[in-house]
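Here are my notes on the model, as numbered points. Have the structure open while you read, and start with the helix packing.

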Amino acid sequence: MAEALVLGGGGVAGIAWLTGLLAGLSDAGQDVTGADVIVGTSAGSTVAAQLGSGLSLEELFARQVDPALQAAEIMAEVDLASFGAQAGALLQGASGFADIRRRLGGFALAADTVSEPERRAVIESRLPSHEWPARALKIVAVDAESGEPRVFDNASGVSLVDAVTASCAVPGVWPPVTIDGRRYVDGGVRDGNNADLAAGARRVLVISPMPTDAALLPTEKPLADAVADLRASGAEVAIVEPDAASLATFGTNPLDPSTRLPAAEAGRAQGRALKLSWS
């Protein structure tokens with residue numbers, strides 16, 4: 001495997017920013033969307049699926065900034081600081097990372113949210129194609145009861161829409177997703193990027209909408225550790241996070257659909273000015 005593209009979580013704003021950044025990189029002659037494998041978590045799973053839809057980056061960008069083309073999102077009132085504090089209290093005394101994931105899964109199962117069909121309809125509207133792409137695509141979710149991570153791909157026998165819906169099921173905000181009798185929550189419960197799943201690639205680009213120093217949940221494989229392991233195996237790794245202008249567009253609630261246009265435009269400007277640096 002030559003190249004891997006890792007797309008992390010970051011809400012509706014993260015989807016827009018990722019799309020804009022990829023378009024901006026392409027504008028600058030650095031199109032990275034032809035990677036052999038794409039690892040998508042939460043927002044990144046949406047963008048990963050969109051990249052395999054057959055639409056161009058320009059068309060995908062338009063779907064973020066043109067109100068007539070935007071997906072029919074559901075407004076969610078989330079304050080990141082409050083969410084982090086609530087999660088911290090919930091996880092106090094946890095016996096390990098599997099226990100952390102189970103606690104977050106239990107929290108998600110007990111939460112009062114919109115129905116699964118309502119939420120699935122949002123993901124359907126986000127994805128131009130509901131078929132798995134031909135390229136290798138890894139979409140990460142977590143079993144809400146067991147706490148075990150699951151990586152969906154085109155050999156899993158699971159629909160692309162269900163896989164992406166599961167990966168985007170933020171605990172306490174969106175309903176866990178039922179797949180083969182199990183309930184799944186956001187892949188970010190394992191890690192916001194899951195960059196270790198790019199192992200085996202000679203070159204890895206990690207694009208993380210949420211800065212690593214702003215992580216809300218403890219993780220078994222922090223990005224720094226995953227990148228160190230990738231580099232130790234001989235891979236060249238580059239990491240891109242939002243610059244100050246991009247991050248400002250996320251506001252306090254990256255799930256707010258109104259963040260899409262400014263986040264996409266800021267991401268594109270950042271991508272155009274960015275010179276990828278591999279090490």
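1. Let's start where two helices meet: R119, R120, I123 and E124 of α6 touch V161, D162, V164 and T165 of α7. Contact here means heavy atoms within 4.5 Å. Helices are DSSP runs (H or I, at least four residues), strands likewise (E, at least two), and both are numbered from the N terminus. By class, this contact holds 3 nonpolar, 1 polar and 4 charged residues. For the classes, Ala, Val, Leu, Ile, Met, Phe, Trp, Tyr, Cys and Pro are nonpolar, Asp, Glu, Lys and Arg are charged, and the others, Gly among them, are polar.

2. Before going further, some housekeeping. This is a predicted model, where local features need pLDDT of at least 70 and side-chain atom pairs count only at pLDDT 80 or more, while totals for chains, interfaces and linings use all residues. Residues are numbered from 1 along each chain as its sequence is written, and side-chain values use heavy atoms, with hydrogens and water left out.

3. Now the geometry of that first pair. Helix α6 (residues 116-126) packs on α7 at an angle of about 110°, with the axes 9 Å apart. The axes are lines fitted to C-alpha atoms, for helices over the stretch in contact, and angles run from 0 to 180 degrees between N-to-C directions. The two helices are therefore roughly perpendicular; the cut-offs are under 35 degrees for roughly parallel, over 145 for roughly antiparallel, 65 to 115 for roughly perpendicular, and oblique for the rest. The crossing of α6 over α7 is right-handed.

4. The axes of α2 and α7 (residues 160-167) come within 7 Å and cross at roughly 155°, which makes α2 roughly antiparallel to α7. This crossing is left-handed. S45, T46 and A49 of α2 make the contact with L160, V164 and S167 of α7, and those residues divide into 3 nonpolar, 3 polar and no charged.

5. How many residues of α7 are buried? The count is 8 of the 8, so α7 is largely enclosed by the rest of the structure. Buried means under 20% relative accessible area, exposed over 50%, and partly exposed in between (1.4 Å probe, protein chains only). The buried residues of α7 are L160, V161, D162, A163, V164, T165, A166 and S167.

6. One more helix pair: α3 and α10 (residues 260-273) pack at an angle of about 145°, with their axes 8 Å apart. On the α3 side the contact uses E58, F61, Q64 and V65, and on the α10 side R260, L261, A264, E265 and R268. That gives 4 nonpolar, 1 polar and 4 charged residues.

7. S53 deserves a look, in the loop between α2 (43-51) and α3 (57-65). S53 counts as buried, at 17% relative accessibility. A polar atom of the S53 side chain lies 2.6 Å from the backbone oxygen of Q50, and the S53 side chain also reaches the backbone nitrogen of L55 at 3.3 Å. Leaving out residues up to four places away in sequence, S53 touches L60, P128 and S129.

8. N253 sits in the loop between α9 (244-250) and α10, and with a relative accessible area of 9% it is buried. Its side chain reaches the backbone oxygen of A76 at 2.7 Å. Beyond four places in sequence, N253 touches M75, A76, E77, V78 and T259.

9. Is E220 buried, exposed or partly exposed? E220 is partly exposed, at 48% relative accessibility, and its place is the loop between β7 (203-207) and α8 (223-232). The E220 side chain makes a polar contact with the side chain of R101 (3.1 Å). A polar contact is a pair of N or O atoms within 3.5 Å; within protein, one must be able to donate a hydrogen and the other to accept it, and residues adjacent in sequence count only if both atoms are side-chain atoms.

10. Finally, two backbone angles to check. Phi of N194 is near 55°, a positive value in a residue other than glycine, and N194 is buried at 0% relative accessibility. D180 also has a positive phi, near 50°, but counts as exposed at 60% relative accessibility.

Methods: Left-handed = near helix turned anticlockwise from the far one by under 90°.
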